[in-house]
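Dear colleague,

I am handing over the structure below, and after it I have set out what I found. Please read the notes with the sequence and the coordinates open beside them.

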Amino acid sequence: MECFFEQVQEIDNQIEKLSNLSTKLQDANEESKAVTNASAMKKIKHRMEKDINEALIIARTTMTLLEELERDNSANRHKPGCGTGSAVDRSRAATTISLREKLKERISNFQFLRVTINKDYHDIVERRIFTVTGNRPDEETIDQLIETGNGEQIFQVAIQEQGLVSQVTTALAEIQERGNAVRDLERKLVELQQIFYDMAVFVDAQGDILDNIDSQVSGAADDIQSGTAALLDAKKPQKNSRKWIIMAIIFLFVVVIVIVVAVLRPWSSG
């Protein structure tokens, strides 16, 4: 089991790295909300892309390590005393499934981040339009700007009536850069999400296996209890038989003593 726990520790370390990267990405996304120019947004985007790329590598590596661990678990079942349903096998299976659940949970955090980034982008576009034009945009206007990145028509009134060319140009550049970042980050987060789906399917399958092992162990325990009861029932007539044999021997012994005494009549020698 020493080698097994070393593998478990290595996998746990990889999962911890994923957790740290998830936190960094969430912090970077929060930081991006305060950004109002394209160059600053571009720098944050590069940092986030780097972290997501690292997370993809770690997630795939961790999946490979878990699959290797599962193969080792299967091979270990052929060792004496380590067969399916044994204490060792159940311990290894439960630990492996726990690691998969933990990895699935960490990857689901990236899925939540993806949803958060898209929502934040929508809210920021809405605020930028309101800040420049003074009007609250409807959903169709926001969606149009998000999908096309073209906001000249939306900001046309602000340019014509207020001469806010500089503000409009800055806002459009920042929105476009932010949109590029969101699309690029989303594409990479979708790759992580696919690993999440793979994990969900595998963990469910492994859960069925563990349930099956539990069922086998419970069935074996019931069989043992039934066997024990049968042995006890079988012992009862054996015990009664021995009791009557002993009593018969004692009775015969008493009869023999009586006969010997009657024949010898030791009291008449006097």
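N20 is partly exposed, since its relative accessible area is 43%, and the residue is found in helix α1. Please bear in mind throughout that this is a predicted model, and that the values given here were computed from it. Between the C-alpha atoms of N20 and A55 the distance in space is 9.6 Å, although the two residues stand 35 apart in sequence.

To place that residue in the whole, the chain contains six helices and zero strands, and its pattern, read along the sequence, is α-α-α-α-α-α. The chain has 270 residues, of which 36% count as buried.

Helix α2 covers residues 38-76, and its axis lies 9 Å from that of α1, with a packing angle of about 160° between the two helices. Because angles over 145 degrees count as roughly antiparallel, α1 is placed in that class relative to α2. The crossing in which α1 passes α2 is left-handed. Sorted by class, the residues in the contact of α1 with α2 are 18 nonpolar, six polar and nine charged.

Within α1, which spans residues 2-32, one finds Q7. Which residues does Q7 touch, once those up to four places away in sequence are set aside? They are E68, L69 and D72, and with D72 there is also a polar contact of 2.8 Å between the two side chains. Q7 counts as buried because its relative accessibility is 15%, and the cut-off for that class is under 20%.

Helix α3 runs over residues 87-133 and packs against α1 at an angle of about 10°, with 10 Å between the axes. The two helices, α1 and α3, are therefore roughly parallel to each other. Their contact divides by class into 12 nonpolar, eight polar and five charged residues.

N109 has its place in helix α3 and counts as partly exposed, given a relative accessibility of 28%. The C-alpha atoms of N109 and T23 are separated by 9.1 Å, while along the chain these residues are 86 apart. I124 is likewise found in helix α3, but I124 is buried, with a relative accessible area of 2%. Leaving out residues up to four places away in sequence, I124 touches K33, E174 and R178. I124 and T36 are 88 residues apart in sequence, yet the C-alpha to C-alpha distance between them is 9.8 Å.

On the side of α3 the contact is made by Y121, H122, V125, E126 and I129, and on the side of α4 by E139, T141, I142, D143, L145 and I146. By class, this contact of α3 with α4 consists of six nonpolar, two polar and three charged residues.

Finally, there is a residue from further along the chain. D198 is found in helix α6, which extends over residues 165-264, and D198 is partly exposed, as its relative accessible area of 38% shows. The C-alpha atom of D198 is separated by 9.6 Å from that of M63, and the two residues are 135 apart along the chain.

Technical notes. Residues numbered from 1 in each chain as written. Predicted model: local features only at pLDDT ≥ 70, side-chain atom pairs only at ≥ 80, totals over all residues. Heavy atoms only, no water. Helix = DSSP H or I, 4+ residues; strand = E, 2+ residues; numbered from the N terminus. Buried < 20%, exposed > 50% of the residue type's maximum accessible area, 1.4 Å probe, protein only. Polar contact = N/O pair within 3.5 Å; in protein donor to acceptor, adjacent residues only side chain to side chain. Contact = heavy atoms within 4.5 Å. Axes fitted to C-alpha atoms, helices over the stretch in contact; angles between N-to-C directions. Parallel < 35°, antiparallel > 145°, perpendicular 65-115°, else oblique. Left-handed = near helix turned anticlockwise from the far one by under 90°. Nonpolar A, V, L, I, M, F, W, Y, C, P; charged D, E, K, R; others polar.
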